[in-house]
Amino acid sequence: MFEPQESATGELDFSVVPTAADEVLRHLHPLLAGEFSHKAYLLANSVTISMHSLVQDENRLPGLNKPRILLEASGEVLLGSENSLDARKAFKVMREPLETFLTQSLQVQSSDDREIVTKSWAGGRLQVTHITRERLLSRVLHYLGEFDRGLDELIGWFEVFREFLQDETNVLSVEERVRNKRGIWSYATDRIYPHMMRFGEIKQDYPTLFQKYSGDTIRKVLEQDREERLSRLDVPVPKVRIKPAVKPPPRTQEETSKIPFRCFSDPEEPDEKQHYEATLESIDIISPNTSHLIFSFVIIPGSPLLTYGFSVECRLKSEYSLFPTSTIHVVGTAPKTAREFKNFTSDKCNPSIELNFPAPDLVEWHFRRKPWHMLTGTRLPQRFNLSLDIQHESDFSVDVTVTVVRRPFLIPINDYQPHYTPFPPIIMEIPKEDDSAATEFKAPEVVALPCL
């Protein structure tokens, strides 16, 4: 199991690198424009992204190519290690002559020449600092040493990842990430990322030093460095194991709403005089993305003399924000006419039927008795079925409402009595035949730090 190792100085402290750079540049930025470890820090950023991608759930991110990401991470670790080693060599070459130069330049010549006034821009404001020559020299030499130590820490950081990737007893998995809070993925971010951000702050404080280094320039330099090094280096094949996430069992309709589903029953105890009931009886998949729904209804409205008719309304609603309701389409309904309705009921009735689509997500059936129907005693149906064919790519719900219309003694004043679904049934998304055809995962682009 991965366990981060501390340095001889105690807890690994990467903050010394940006802190040292800031302190040195605060007084000597006209003299120093070296690259130092900027490329290594950019590569460290890429490693942190890869480590987090490798412990994500591929069931939630289909197409996540973990073997490829792992190999890319191994390459980034190799390049980062090489860059940090070169940065340390370059720094050691220039450190001794720089210290000699500074010591000679800051020697006290007379008692009147002990204090130095420095001017620098920080946060867009001019700062004037008074400091003695001895203190200035001491601080600069101290932070040059800290910079050196920080580069050693950075080299050690890449070494931790190299050893982890080459240890076949290590495992990268979602479960391990959840169980082990101090895993390699946390180590990647917690140890390095906050200090990379410090370089951006340094650039803001010393804008003239970095004027020629645009984001495009940084990316070009990094890419050229990558190509040159990989032309002579072999990326080691990682030995760490990738444990695939356990695929959850396929969902069933019972997990959303069990069928048959009683939409409503009003009142709960059937009444011989008045009773209203709607039930989603069945769901059939008639094509890869189309569901066939059959509803059954019991509508006993009371006195037939006072009942003019009733309406059945079905309103559809997507259950996922990624698939708005506008992506759900009604592609079929039945019945459409009074003649077809005879196949959907065993009652002896002959009402007029009107089918409307007031909105793309709304279907309405209107059953009415014309005045002569009421005079001749023509009945409204009491038990019947209705069907819908719905094209959808996500779970959706169906609100069913039955509205009874009364006209006491044929007076043209309508009295509406709605009965609706308190908890709409959920129709499950139709599973895709092949989930492996998802878009191939693309590794996140390295975020270039605004500093060279």
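In which loop does Pro335 lie? Pro335 is in the loop between E9 and helix H8 (338-341). Helices (H or I, at least four residues) and strands (E, at least two) are DSSP runs numbered from the N terminus. The model is predicted, so local features need pLDDT of at least 70 and side-chain atom pairs count only at pLDDT 80 or more, while totals for chains, interfaces and linings use all residues. Residues are numbered from 1 along each chain as its sequence is written, and side-chain values use heavy atoms, with hydrogens and water left out.

**Cis peptide bonds**

Most peptide bonds are trans. The bond that joins Ala334 and Pro335 is cis, with omega about 0°. Another cis bond runs from Asp266 to Pro267, with omega near -5°. Pro267 is found in the loop between E5 and strand E6 (274-287).

**Sheet and strand pairing**

An open sheet is formed by 5 strands in the order E5-E6-E7-E12-E9, with antiparallel pairing. Two strands pair if DSSP finds at least two bridges between them. At the edges are strand E5 (261-266) and strand E9 (329-334), each of which pairs on one side only. On average, neighbouring strands of this sheet are turned by 20° against each other, direction ignored. Such angles are taken between axes, which are lines fitted to C-alpha atoms (for helices over the stretch in contact), and run from 0 to 180 degrees between N-to-C directions.

Strands of a sheet pair through backbone hydrogen bonds, either parallel or antiparallel.

| Strand pair | Bridges | Opposite residues |
| E8 and E13 | 11 bridges | Cys314 and Val400 |
| E8 and E11 | 7 bridges | Glu313 and Glu364 |

Strand E8 (residues 307-318) is mostly covered, with 9 of its 12 residues buried. Buried means under 20% relative accessible area, exposed over 50%, and partly exposed in between (1.4 Å probe, protein chains only).

**Cysteines**

How many disulfides does a search of the whole structure find? The search finds 0 disulfides, a disulfide being a pair of cysteine sulfur atoms within 2.5 Å. Cys263 is in none, and the nearest cysteine sulfur, that of Cys314, is 8.2 Å away. Seen from Cys314, the closest cysteine sulfur is in Cys263, and 8.2 Å is too far for a bond. Cys263 is buried at 3% relative accessibility, and Cys314 is buried with a relative accessible area of 2%.

**Aromatic pairs**

The structure holds 9 aromatic pairs. Rings of Phe, Tyr and Trp (its six-membered ring) pair if their centres lie within 6.5 Å; planes under 30 degrees apart count as stacked, over 60 as edge-to-face and the rest as tilted. Trp157 and Phe158 are edge-to-face because their planes are at 85°, with ring centres 5.0 Å apart. Trp157 is buried, with a relative accessible area of 0%, and Phe158 is buried at 0% relative accessibility.

Phe367 and Phe384 form a tilted pair, since their planes are at 45°, with ring centres 5.3 Å apart. This pair links distant parts of the chain, with Phe367 in strand E11 (residues 362-368) and Phe384 in strand E12 (residues 383-391), 17 residues apart. Phe367 and Phe384 are buried.

Arg226 is placed in helix H7 (residues 215-230). With a relative accessible area of 19%, Arg226 is buried. The Arg226 side chain makes a polar contact with the side chain of Glu76 at 3.1 Å. A polar contact is a pair of N or O atoms within 3.5 Å; within protein, one must be able to donate a hydrogen and the other to accept it, and residues adjacent in sequence count only if both atoms are side-chain atoms. Leaving aside neighbours within four places in sequence, Arg226 is in contact (heavy atoms within 4.5 Å) with Leu43, Glu76 and Leu79.

Lys92 is found in helix H3 (residues 66-105). Lys92 is partly exposed, with a relative accessible area of 45%. Lys92 and Asp148 are 56 residues apart in sequence, and their C-alpha atoms are 7.8 Å apart in space.
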